[in-house]
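Here's a quick briefing to read alongside the sequence and the 3D view. Have both open as you go.

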Amino acid sequence: MTEQTFKAMRRAMVESQLRTSDVNDPVILEALLAEPRELYVPQERLSAAYIDRAVPLGNGRALNPPLATARLLVEAAPRAGEKVLLIGAATGYAAALLARLGCDVVAVEEDEALLAHAKAALKGNKNVRLEKGPLSAGWKKGAPYDLLFIDGAVEELSEALIAQLRVDGRAVFARLERGVTRLCVGTRTAGGFGARAFVDWEAVPLPGFARPKTFTF
């Protein structure tokens with residue numbers, strides 16, 4: 001596949017998948033058009049780089065569908081100069097988009113192979129710092145953050161992550177509830193954290209966020 005082929009696929013993704021599904025922010029669309037998504041998928045899956053489904057990455061992980069990441073970006077409304085904690089960096093695609101939007105990104109990933117791919121794809125990107133560690137623990141050294149961006153689905157947010165947001169900081173994530181995935185946006189206040197769902201949509205599950213099992217007879 002040529003660079004022109006990928007460019008055409010990228011434009012088709014924006015026009016047919018994203019614009020038709022409430023992704024209309026011109027700044028975010030510009031970032032999506034500019035960032036080569038093919039850099040963030042395995043070589044053997046290049047033809048699937050712009051499909052409207054998750055792309056398997058190995059070890060039970062996958063790249064979030066383009067629409068899920070794009071809708072989370074729209075709701076997050078990231079602003080240039082903000083500090084962002086990205087959980088589930090995977091191969092680096094969401095981190096690259098946030099960097100294009102002018103954010104200072106700390107991207108956390110626990111899978112060695114994915115982290116290696118992200119480092120190669122993001123080489124030279126001064127707006128992204130990749131860190132290895134459990135996704136649910138975040139990266140306390142960089143706190144507080146203006147925005148918590150979880151590029152995947154969780155059953156339950158960890159208190160550790162919420163605590164790393166500044167008061168009035170925002171969070172976007174997908175919540176997995178009884179087999180249904182809902183994209184959510186929330187805010188940390190002085191009194192706690194609240195979130196609302198804004199659309200039901202497929203998002204890839206992330207490890208380490210399972211809701212504790214309760215005892216039943």
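What follows covers the nonpolar cores, one threonine and the cysteines. Keep in mind that this is a predicted model. The big picture starts with a largest nonpolar core of 52 residues, plus a second, separate core of 19 residues.

**Nonpolar cores**
- In the largest core, the residues with the most contacts inside it are L32, L86, L98 and F149.
- The top contributor to this core is α4, which supplies seven residues.
- The second core stands apart from that one, and among its 19 residues are L148, I150, A171 and L206.

**T91**
- You'll find T91 in the loop between β3 (83–87) and α4 (93–100).
- T91 has 1% relative accessibility, so it counts as buried, the cut-off being under 20%.
- A polar atom of the T91 side chain sits 2.7 Å from the backbone oxygen of Y40.
- Y40 also turns up in the contact list of T91, together with L57, L63, L114, H117, A118 and A121, once neighbours within four places in sequence are left aside.

**Cysteines**
- C103 is buried because its relative accessibility is 1%.
- C184 is buried as well, with a relative accessible area of 1%.
- How many disulfides does the model have? The count comes to zero, going by cysteine sulfur atoms within 2.5 Å.

How values were computed:
Residues numbered from 1 in each chain as written. Predicted model: local features only at pLDDT ≥ 70, side-chain atom pairs only at ≥ 80, totals over all residues. Heavy atoms only, no water. Helix = DSSP H or I, 4+ residues; strand = E, 2+ residues; numbered from the N terminus. Buried < 20%, exposed > 50% of the residue type's maximum accessible area, 1.4 Å probe, protein only. Polar contact = N/O pair within 3.5 Å; in protein donor to acceptor, adjacent residues only side chain to side chain. Contact = heavy atoms within 4.5 Å. Core = buried A, V, L, I, M, F, W, Y, C linked by side-chain atoms within 4.5 Å.
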